[in-house]
Amino acid sequence: MCGRYTLLADELEILQEFGIDQPVENYHPSYNIAPGQDVLAVIHDGNEKRAGYLRWGLVPSWAEDERIGYKMINARSETAHKKPSFKQLMSRKRCLIVADSFYEWMKTEEGKQPKRIQLKDRGLFAFAGLWDKWNHDGKTLFTCTILTKEANPFMQEIHHRMPIILPKEKEDDWIKPEKMPPNEAGEFLESLHDEDFTAYDVANYVNTAKNNDEQCIKPIA
DNA sequence: CCAGACGTTGTT
DNA sequence: GTCTGG
DNA sequence: CCAGACGTTGTT
DNA sequence: GTCTGG
């Protein structure tokens, strides 16, 4: 699955990589991005591609209580196209969530070992995401969730689920502004090829979400 | 029809 | 809002 | 994801 | 054990 990640790249690199014209309002890199925080996402508003912040943890438009978002940080791609909470979003609220590595905790006999996973080229990438707008009692939230799938052979060694990462050439297809039947969006995700990853152990320092400096990504022996 | 859930992960 | 169960 | 709290009454 | 906050 995916419950913690990094985005360390310069703003300019992100704008170039994703073909965004306008600067990001309040861009801030992070060594330790956690659920409940604002995360950098790219959407197509029908007119142009835009990058901005969404709160991680989907709060569906019908929710009474925004705290439901703590349970909605991921969506299973195998079933999202038929779940009441995600079906409509698969059709029209698809987004890219910008990252350059993510953390997974591998269970061992000694406990949980956090690992940092990057693409083999160590470059920027995008998680496939869904977003929604929530209005309640005069409060408005824009929130998102990361789609997951069964782990590929590399990731299986670490964990049995993994986030969906879009191949660069498929990113624009995922956020194209046209409506897509929900099952078609599901089939699109199934059709993606796997990326090549590399991983290394990091210290438990990363476990505490308020820790946010280079120690989070420092390799340990 | 109305009422009530709507989600993921992991663990058992 | 939409879907499922009764 | 992990870490840390989780409760009330009454008094200061 | 379960929920909330980071």
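Residues are numbered from 1 along each chain as its sequence is written, while chains are lettered from A and ligands numbered from 1 in the order in which they are written. In this predicted model, local features need pLDDT of at least 70, side-chain atom pairs count only at pLDDT 80 or more, and totals for chains, interfaces and linings use all residues, with side-chain values based on heavy atoms and with hydrogens and water left out.

DNA strand B is surrounded by 17 residues (near: a heavy atom within 4 Å), the closest being Lys71, Lys107, Thr148, His159 and His160. Of the atoms of DNA strand B that come within 4 Å of the protein, 75% belong to sugar and phosphate. By class, this surface has 6 nonpolar, 6 polar and 5 charged residues (nonpolar: Ala, Val, Leu, Ile, Met, Phe, Trp, Tyr, Cys and Pro; charged: Asp, Glu, Lys and Arg; polar: the others, Gly among them). Strand E5 (residues 74-76) contributes the most, with 3 residues (strands: DSSP runs of E, at least two residues, numbered from the N terminus).

Phosphate oxygens of DNA strand B take part in polar contacts (N or O atom pairs within 3.5 Å). A polar side-chain atom of threonine 148 is 2.7 Å from such an oxygen. For arginine 161, a side-chain N or O atom lies 3.4 Å from a phosphate oxygen, and for proline 84 a polar backbone atom lies 3.4 Å from one.

The structure holds 1 cavity of 30 Å³ or more (points on a 1 Å grid over the protein atoms alone where a 1.4 Å probe fits but cannot get out; lining residues have an atom within 4 Å of a point). The largest cavity has a volume of about 40 Å³ (the space filled by probe spheres set on the points). Its lining comprises Lys149, Met162, Pro163, Ile165, His193, Asp194, Glu195 and Phe197, with 4 nonpolar, 1 polar and 3 charged residues.

How values were computed: Polar contact = N/O pair within 3.5 Å; in protein donor to acceptor, adjacent residues only side chain to side chain. Helix = DSSP H or I, 4+ residues; strand = E, 2+ residues; numbered from the N terminus. 1 Å grid on protein atoms, 1.4 Å probe; cavity = no way out; pocket = protein on both sides within 12 Å on 5 of 7 lines; lining within 4 Å.
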